[in-house]
Amino acid sequence: MACENDPPTPFASSPFGMGPMRLRRSPALRRLVRQTNLLPRHLVQPLFVVEDATLAGPIDGLRDQRRLTVDQAVEAGVRAQRLGLGGVLLFGVPANKTPHPETSGDFLLKAIARLRAEVPELLLITDVCLCPYTEHGHCCVYGGDGSPDLEATRRAYGRLAVEQAGAGAQMVAPSGMIDGTVGAVRGALDAAGMVHMPIMAYSVKHASGLYGPFRGAANSTPGFGDRRWHQMDPANAREALAEIELDLAQGADIVMVKPAVHALDVIASARRDFPRATIAAYHVSGEFSMLSAAAERRWVDWPTALHETLYAIRRAGADIVITYGAIDWASRPEPEQNCSGTT
Ligand code: PBG
Ligand code: ZN
């Protein structure tokens, strides 16, 4: 029985049985009470740049995504800037592989320099990893004894980061999730006098079955073995928080969690446990492709499902969402604004 001293319930019932639905009756009301924001500035669009124009073209599994020549990457950058996106994340696809990558290649440095010069207001983040460059497709270099050479790997990450920053990148993103690489990149940047260059660390990266379309695009599928020796077991969530702590201690400015939708709990715990950290989440290629494949079959409605997915990632606590749908989402009105509404 309700008593005079009971706190008021948030949605007092009425004799007519109406409750929370009162605030959902029109687009204007729904807009007023919306609890999460998603704006173009929250989104980062990945771009793949090829060394050889014959490698350019559509990417299998990734709706509307292409491997780009340097010219096309600049065009995509212009679009991203016009839409007010938070930034682009650049991956290089070299024409040739090597056991010991020393550089991200002239083509990528040229793409960085041109984006910087021709789209100066667009934030340019560059990927720092070895997997698109190594013959074996792993994110590390191997020593003579056939095991990963961690010191050489860390030096290589540092060299690539300094080179990319020198070409005009405004943030570097070491993506290998190999112990000590964030600190190594910070150290190399500092030693080069690039003390202001921010690092976005792939701090929590589950060893996932959802990276396939990306590996097709970056031509970075491991030739042997897998990445479970350095990427996290998807069963683990507490360990994810330890990884974030380690990367922050090594100088990460932004910490990332992926795959985003499959780790919404990790994003939410990270938000709670690291209230001052800037958290990014990567809505990865497999997550994007599942959605777009279902949409192609008309099983799900593309704009609504993409919208809902991106809001879910923001709602969990991500400040930044990296998604292949960034340009797409920002190019169309939100589904809400398409509805005629009731008023
Ligand atoms: C590896 C890397 C991966 C992704 C970006 N960089 C994963 C992997 O190959 O293990 C995945 C991104 C995606 O699937 O969209 N350095
Ligand atoms: Zn890699």
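This is a predicted model: local features need pLDDT of at least 70, side-chain atom pairs count only at pLDDT 80 or more; totals for chains, interfaces and linings use all residues.
**View 1. The contact of helix α8 with helix α10.** Helix α8 (residues 264-273) and helix α10 (residues 302-316) have axes that come within 8 Å and cross at roughly 35°. From α8, the residues Leu264, Ile267, Ala268 and Arg271 meet Ala312, Ile313 and Ala316 of α10, and the residues of this contact comprise 6 nonpolar, no polar and 1 charged.

**View 2. The salt bridge of Arg271 with Asp319.** The closest N and O atoms of Arg271 and Asp319 lie 3.0 Å apart in this salt bridge, which links distant parts of the chain, since Arg271 belongs to helix α8 whereas Asp319, 48 residues away, sits in the loop between α10 and β10 (320-323). Arg271 is partly exposed, with a relative accessible area of 21%, and Asp319 is also partly exposed, at 28%.

**View 3. The salt bridge of Arg154 with Glu151 in helix α4.** Here the closest N and O atoms are 2.7 Å apart, and the two residues are separated by about one helical turn because they stand 3 residues apart in helix α4 (residues 150-167). Arg154 is buried, with a relative accessible area of 18%, whereas Glu151 counts as partly exposed at 44%.

Terms used:
Residues are numbered from 1 along each chain as its sequence is written. Chains are lettered from A and ligands numbered from 1 in the order in which they are written. Side-chain values use heavy atoms; hydrogens and water are left out. Axes are lines fitted to C-alpha atoms, for helices over the stretch in contact, and angles run from 0 to 180 degrees between N-to-C directions. Helices (H or I, at least four residues) and strands (E, at least two) are DSSP runs, numbered from the N terminus. Contact means heavy atoms within 4.5 Å. Ala, Val, Leu, Ile, Met, Phe, Trp, Tyr, Cys and Pro count as nonpolar, Asp, Glu, Lys and Arg as charged, and the others, Gly among them, as polar. A salt bridge is a side-chain nitrogen of Lys or Arg within 4 Å of a carboxyl oxygen of Asp or Glu. Buried means under 20% relative accessible area, exposed over 50%, partly exposed in between (1.4 Å probe, protein chains only).
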